[in-house]
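Welcome, and thanks for taking a look at this one.

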Amino acid sequence: MIVQGSSLINEPMAKHTSWGIGGPVLAFVRPESRADLTAILALINANNIPMYIAGSGSNLLVSDEGFNGIIISLAKTLNQIRFDGTTCYAEAGVMLGHLVKESIHRNLTGLESLGGVPGTLGGALVMNAGAYGSEISNCLVSIDVVHQNGVVETYKKEQIEFDYRRSSIKPTDIVIAAEFQLKRDDPEAISLKRINASSKRRSSQPLRFRSAGSVFKNPKPDLSAGFLIDKAGLKGMHHGDAEISEKHGNFFLNRGEAKAEDIMYLIQKVKKVVKKKFNIELELEIKTLGFEKEH
């Protein structure tokens, strides 16, 4: 496979996920440009090859057997940011934390509470990432996507449905850029918001070991998955080198050599126990890839 960007054949996904877990894929591809991405999509479609857009792999669990397809990552390639007054235009490969820093540097408010959310802008938009009452869609004006046939289309925010940790962006559409309308604010006020969000994150989340952030979605706005896992007595549970964090029940940790099967065991255990104790069906916030059964 020839691309202008990089193409790694039989690449272990353990090198490209925040958990440090995952078997090999046919190819891990980083397009160099939009034109390169279009060429790659044409090749994939012509050969009917399974494909997945991985971003930076911050909320992805790949099976130990890997994925018989091509992973496309826009991280480190489509990563340009442009500001025009209070308007921000950013490509999908931009890391969310970097976008927040650049906005704060210009005394622009609207994104600062998302500073500690991992991953790329594209992934954040698809799942409507949020933290501490704020969501990435709040300041959104529009997104640019590439359809699988290579055609680029722009959607206004009003054309997209956003909800808690989900959007109506189609899995077959690849987000390549977005435009945001931010607001000017006092630098000290913006800094205070950022510091408060950062402080809450450090005090409540385990940062020592590798994780993928929250594993499950909160069932209700006033009922967190972490609370249910705690009340079910599952915090601290181990399987292999995977552990449900003692600090935050919705964080599953790789303490060194955890396998995907270890994480999946804990996921299934939590779902079963929470369902039995509270009659609540927990829904995954992370994405899974390469498993025989979709979770």
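A search of the whole structure finds 1 aromatic pair, where rings of Phe, Tyr and Trp (its six-membered ring) pair if their centres lie within 6.5 Å. This is a predicted model, in which local features need pLDDT of at least 70, side-chain atom pairs count only at pLDDT 80 or more, and totals for chains, interfaces and linings use all residues. Residues are numbered from 1 along each chain as its sequence is written, and side-chain values use heavy atoms, leaving out hydrogens and water.

**The aromatic pair**
- The ring centres of F216 and F252 are 6.2 Å apart and their planes lie at 75°, so the pair is edge-to-face (planes under 30 degrees apart count as stacked, over 60 as edge-to-face and the rest as tilted).
- The pair links distant parts of the chain, 36 residues apart: F216 is in the loop between helix 4 (187–204) and helix 5 (225–231), while F252 is in strand 19 (residues 252–254).
- Helices (H or I, at least four residues) and strands (E, at least two) are DSSP runs, numbered from the N terminus.
- Both F216 and F252 are buried, meaning under 20% relative accessible area with a 1.4 Å probe, protein chains only.

**A lysine beside F216**
- K271, in helix 6 (residues 260–278), touches F216, E281 and L282, not counting residues up to four places away in sequence; contact means heavy atoms within 4.5 Å.
- K271 is buried yet has no salt bridge, and the nearest side chain of opposite charge, E281, is 4.5 Å away; a salt bridge needs a side-chain nitrogen of Lys or Arg within 4 Å of a carboxyl oxygen of Asp or Glu.

**Nonpolar cores**
- The largest nonpolar core has 46 residues, and L99 and F180 are among those with the most contacts inside it; such a core is a set of buried Ala, Val, Leu, Ile, Met, Phe, Trp, Tyr and Cys residues joined through side-chain atoms within 4.5 Å.
- Strand 15 gives the most to this core, with 5 residues.
- A second, separate core of 30 residues includes A212, A260, M264 and I267.

**Strand 2 and its partners**
- Because 5 of the 7 residues of strand 2 are buried, this strand is largely enclosed by the rest of the structure.
- Strand 1 (residues 6–12) runs antiparallel to strand 2, joined by 6 bridges, and E11 stands opposite V25; two strands pair if DSSP finds at least two bridges between them.
- Strand 5 runs parallel to strand 2, joined by 4 bridges, with A27 opposite I70.

Conventions: Buried < 20%, exposed > 50% of the residue type's maximum accessible area, 1.4 Å probe, protein only. Lys, Arg positive; Asp, Glu negative; His and termini not counted.
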